Amino acid sequence: MGMVTTAIIGCAGYTGQETLDRVLAHPGLKAVALGSNSQAGKPPWALDPSLAGHDLPSFVTNDQALASGAELIFLCLGHDESVAVDLPADAVVVDLSGGHRLQDASLYEQWYGWKHPHPERLSNWAYSVPELQPPTGRLVSNPGCYASAAIYALAPLVGAIDPASVVIDAKSGMTGAGKSLKASSHAGFVLDNCSAYKVGSHQHAPEIGQLVGFPVCFVPHLLPIRRGLLATVYARATESGLRERLEQAYAAAPAVRVLPAGVNPELARVQHTDMAEIALFEDRATGRTIVCCAIDNLGKGAAGNAIQNANLALGLEQTLGLRLTGVTV
Ligand SMILES: NC(=O)c1ccc[n+]([C@@H]2O[C@H](COP(=O)([O-])OP(=O)(O)OC[C@H]3O[C@@H](n4cnc5c(N)ncnc54)[C@H](OP(=O)(O)O)[C@@H]3O)[C@@H](O)[C@H]2O)c1
């Protein structure tokens, strides 16, 4: 098989840069178009000096990159931009935004605060979690960062826990908010701080609920670090054997590791990688089951799963291009 020609749309954002880095490490993908409205006309090294020396084209506008004829397209845009894009008819497309994740269009008004402009298109997209619900067609909706961590911890336990007991508490580094500056990502606000936000109203709650089949109580927090995301899921078991369920679900998964009993999850082992780590505990005081999942929000929570989903959609070995090892120092 020849190299799969690849375009990245919105390449100058955090997830765009991370996706490009994995495309460069991928033996079967060739970047033929780098779309960026802010960088159009500039060489790649103008954005990142470490890109000098790579065989890459200069940035073009997002529309030009979409029209490049690439066989594989990564949409690394904001939700509202992503839903407005006119896609070529035959490419495999992986959308990293939330614009095509929810099947019920009315949920966009409720949780994203805007009316979806193309509700009729939603059913063409498959919400795809590589290990649990792999892509089924050429339009792949990549999971959100918080949703990924929560789903990895929770989905295998469905049927053996009380849905009404589920609470998800999660914390993310500040790159989760994207590159554009906001008051809430200003260093003066973030450093030496930890804040809860969108309490009870974060858009990843319905995304998680859609996959597990029941509504979840979810609270995100902003950590004063660059990258990494830790989700802690609390639930009451209705059956025994929850650890076995997790181990079985991920026995053949190269990018999800269930930690041995007693090993604590931590971000340092997953930062800059595309690996998820899951740890299960029993609460001595209440008997509740506690499952933690640590990922890198830009890795397994975005570009890592996007590449893994693309590999699966293209029939390639799923780990190609992924970063699966890191060093804790
Ligand atoms: N960040 C995460 O951890 C994460 C995880 C999962 C999913 N997502 C989703 O992925 C999508 C993209 O997220 P993101 O984090 O990559 O957003 P981002 O860094 O804000 O980038 C989004 C777009 O904004 C433009 N942009 C904004 N600020 C810029 C700057 N200072 N310099 C250059 N370009 C800038 C770029 O467009 P041009 O290149 O066209 O100029 C870029 O494609 C979003 O829908 C997000 O919800 C993000």
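1. In what order do the strands of the open sheet with parallel pairing stand? In this predicted model, the 7 strands of that open sheet follow the order S3-S2-S1-S4-S5-S7-S6. The edges are held by strand S3 (59–60) and strand S6 (126–127). Each of these two has a single partner strand, so one side of each is left without a neighbour in the sheet.

2. Within this sheet, the pairing of strand S4 (residues 72–75) with strand S5 (residues 92–95) may be followed residue by residue. The two strands run parallel and are joined by 4 bridges. Phe74 has Val94 of S5 standing opposite.

3. A further open sheet of 7 strands shows mixed pairing, with the order S9-S10-S8-S11-S14-S13-S12. S12 is joined to strand S13 (residues 276–282) by 3 bridges, and the two run parallel. Across this pair, Val256 stands opposite Ala276 in S13.

4. H6 touches strand S8 (167–172), strand S10 (217–222), strand S11 (229–235), S12, S13 and strand S14 (289–295). The direction of H6 makes about 40° with that of S11. Helix H9 (residues 242–249) lies across S12, S13 and S14, and runs at about 170° to S13.

5. Helix H6 (residues 145–154) also meets helix H8 (residues 204–212): their axes come within 9 Å and cross at roughly 30°. This crossing is right-handed. From H6, the contact draws on Tyr146, Ala147, Ala150, Ile151 and Leu154; from H8, it draws on His204, Glu207, Ile208, Leu211 and Val212. By class, the residues of this contact comprise 8 nonpolar, 1 polar and 1 charged.

6. How is the chain divided into domains? Domain 1 covers 4–143 + 301–314, and domain 2 covers 146–297. A distance of 24 Å separates the C-alpha centres of domain 1 and domain 2.

7. The contact between the domains involves 19 residues of domain 1 and 22 residues of domain 2. On the side of domain 1 that touches domain 2, helix H5 (106–112) and H10 each supply at least two residues. H10 provides the largest share of that side, with 5 residues. The side of domain 1 that touches domain 2 has 10 nonpolar, 7 polar and 2 charged residues.

8. The shell around the ligand consists of 30 residues, of which the closest are Gly10, Gly13, Ser38, Ser97 and Gly178. Helix H1 (14–24) and helix H10 (299–314) are the elements that give two or more residues to this shell. H1 gives the most, with 3 residues. By class, the shell divides into 20 polar, 9 nonpolar and 1 charged.

9. Helix H10 deserves a separate remark. This helix gives two or more residues to the shell around the ligand, and H10 also supplies the largest share of the side of domain 1 that touches domain 2.

Note on methods: Residues numbered from 1 in each chain as written. Predicted model: local features only at pLDDT ≥ 70, side-chain atom pairs only at ≥ 80, totals over all residues. Near = placed C-beta within 6 Å. Nonpolar A, V, L, I, M, F, W, Y, C, P; charged D, E, K, R; others polar. Pairing = 2+ DSSP bridges. Axes fitted to C-alpha atoms, helices over the stretch in contact; angles between N-to-C directions. Left-handed = near helix turned anticlockwise from the far one by under 90°. Contact = placed C-beta atoms within 7 Å. Domains from an automatic or database assignment.
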